[in-house]
Structure formats: structure tokens, C-alpha cells
Amino acid sequence: MSKLGTVFSEGIIAFIATNIDDMIILLIFFSQVDVNFRRRHILLGQYLGFTAIIIASLPSFFGGLSVQREWIGLLGLLPIAIGIQQLVFRKQETTTVQTVSSDFNQSTPSNPVLSFILSILHPQTYKVAAVTIANGGDNISIYIPLFAGQDLTSLGVILSIFFVMVGLWCAIAYFLSRQPTIANILNRYGQAVVPFVLIGLGLFIMYERGTFTLLPWVRS
């Protein structure tokens, strides 16, 4: 596989693995859309929250420029550990969205132009962003080893994929929110798949960085 193809695959796999649980939260949000809580609040909130997660993960990219790639690959143990933890303990994440969403009842300006401008700074938008950030702790743990050791071009490709996928994720969640049967299946089985995807992602990061060559029986 070419380097670009590898980076492209890493970006898609990492996003999907770290945002399956976020899909469930998005489904809950979209099921509550009304005159006071708009779809654009969800979309903008997702982008704001996800951007904050990316910024928190970027220091690993700058630090990784001076560290040998094989050793950087050891950070792939983080998603492996998270996946094993979720697999063993079957941790049930609390839906903080229930607490946050209970206040979605503020009025909006009647002027459509003013309403559109204020939606960027609307409290609903930042409530969605807060839930996205609160749900993104595992994301940071996985993006740190993913960003470390990438060159600037590869990082740009991964970030481009991520931000396109945020919009796609919102579109999929909105569609699923209108399909009760599919939404119920995702809610029931999505969590069970996440640990295996995370473990696979961690192994992939270690393999791509050449970390396994550090093992004495591999070097010999």
C-alpha cells in the first residue's frame, strides 16, 4: 500500500473507531430537533468540539518530529489498552447528553438573518460542543499516537479526512434518527464493536511505524 493510501486508511479507521459512541449521542440530539434546537446547532457544535479535541492532540505531532518513528509507534499501545479495558470491563458510558439536553428550550430571534448569525454563538451550539469534548477523552488518547511521527502532508490529509467525516457523521446520524429500527440496532451493538476496532487500530499504528522491529526476535 502506498504511503498516501496508508495515511488515508489510518484517518478513516481512527475516526470511525473513536466516534461510534458519538454517533449515538448525535442520534439523541437529532431526535430532539425542534424550533428552538436546530440542526445547524448540532453541526456547528460538533465542529467546535471536535476542533478542540484536535488542538489538544496536536502537541504530539510537533514532539514526534524529533523522535524515532519506531519508538513513537509504542503509543499505539494506548488504543490497544483502551480497547482491552472496554472489552474486559464492558464500561457503560454515561450519557451526559441527557443532562445537557434538558435545557434546550431557549427562544430564537424572529429575523432569519439575525438567527443565522447568532447560531454561530448560540448557547445550544456550545452545549453540543461541550458534550462532544466531554465524550472525546478516548479520542485524544488515540489521536496522539496517530499524529506523532506524521509529516506535515500526512497530517494535513488526516485532518482533512477528519473534518469531512464530521459532516458525514452528522448527515448519517440525521438519516438514522429518522429510521428507528436502524438506530436501535446501532445503539445495541455499536459499543460491542468498538473495543475490537481500537485494538486493531493500535496494532496497525505499531505496524506502520515499524515498532515490531524493536523486538529482538524480529530484528534477528
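The second largest cavity of the predicted model holds about 40 Å³ of space. A search of the whole structure returned two cavities of 30 Å³ or more. The lining of the second largest cavity consists of T18, N19, D22, F50, I53, T132, N135, G136 and N139. By class, these lining residues divide into two nonpolar, six polar and one charged. Helices α1 and α2 each contribute at least two residues to the lining, and the largest share, three residues, is supplied by α1.

Two of the lining residues, F50 and I53, also belong to the contact that α2 forms with α8, as does T132 on the α8 side. Helix α2 spans residues 39–57 and helix α8 spans residues 123–134; the two pack at an angle of about 40°, and their axes lie 7 Å apart. The crossing of α2 past α8 is right-handed. On the α2 side the contact involves H41, I42, L44, G45, Q46, L48, G49, F50, A52 and I53, which meet Q124, T125, Y126, V128, A129, T132 and I133 of α8. The α2–α8 contact comprises 10 nonpolar and seven polar residues, with no charged residues.

Helix α2 also packs against α10, at an angle of about 150° and with the axes 11 Å apart. Because an angle over 145 degrees counts as roughly antiparallel, α2 and α10 are assigned that relative orientation. Here too the crossing is right-handed, with α2 passing α10. Residues R39, L43, Q46, Y47, F50, T51 and I54 of α2 make this contact with L159, F162, F163, V166, G167, C170 and Y174 of α10. By class, the contact of α2 with α10 contains 10 nonpolar, three polar and one charged residues.

Helix α1 (residues 3–30) and helix α10 (residues 152–177) pack at an angle of about 30°, with an axis separation of 8 Å. Helix α1 passes α10 in a right-handed crossing. The contact of α1 with α10 includes 24 nonpolar, four polar and two charged residues.

Note on methods:
Residues numbered from 1 in each chain as written. Predicted model: local features only at pLDDT ≥ 70, side-chain atom pairs only at ≥ 80, totals over all residues. Heavy atoms only, no water. Axes fitted to C-alpha atoms, helices over the stretch in contact; angles between N-to-C directions. Helix = DSSP H or I, 4+ residues; strand = E, 2+ residues; numbered from the N terminus. Left-handed = near helix turned anticlockwise from the far one by under 90°. Contact = heavy atoms within 4.5 Å. Nonpolar A, V, L, I, M, F, W, Y, C, P; charged D, E, K, R; others polar. 1 Å grid on protein atoms, 1.4 Å probe; cavity = no way out; pocket = protein on both sides within 12 Å on 5 of 7 lines; lining within 4 Å. Points joined across faces, edges and corners; volume = space filled by probe spheres on them. Parallel < 35°, antiparallel > 145°, perpendicular 65-115°, else oblique.
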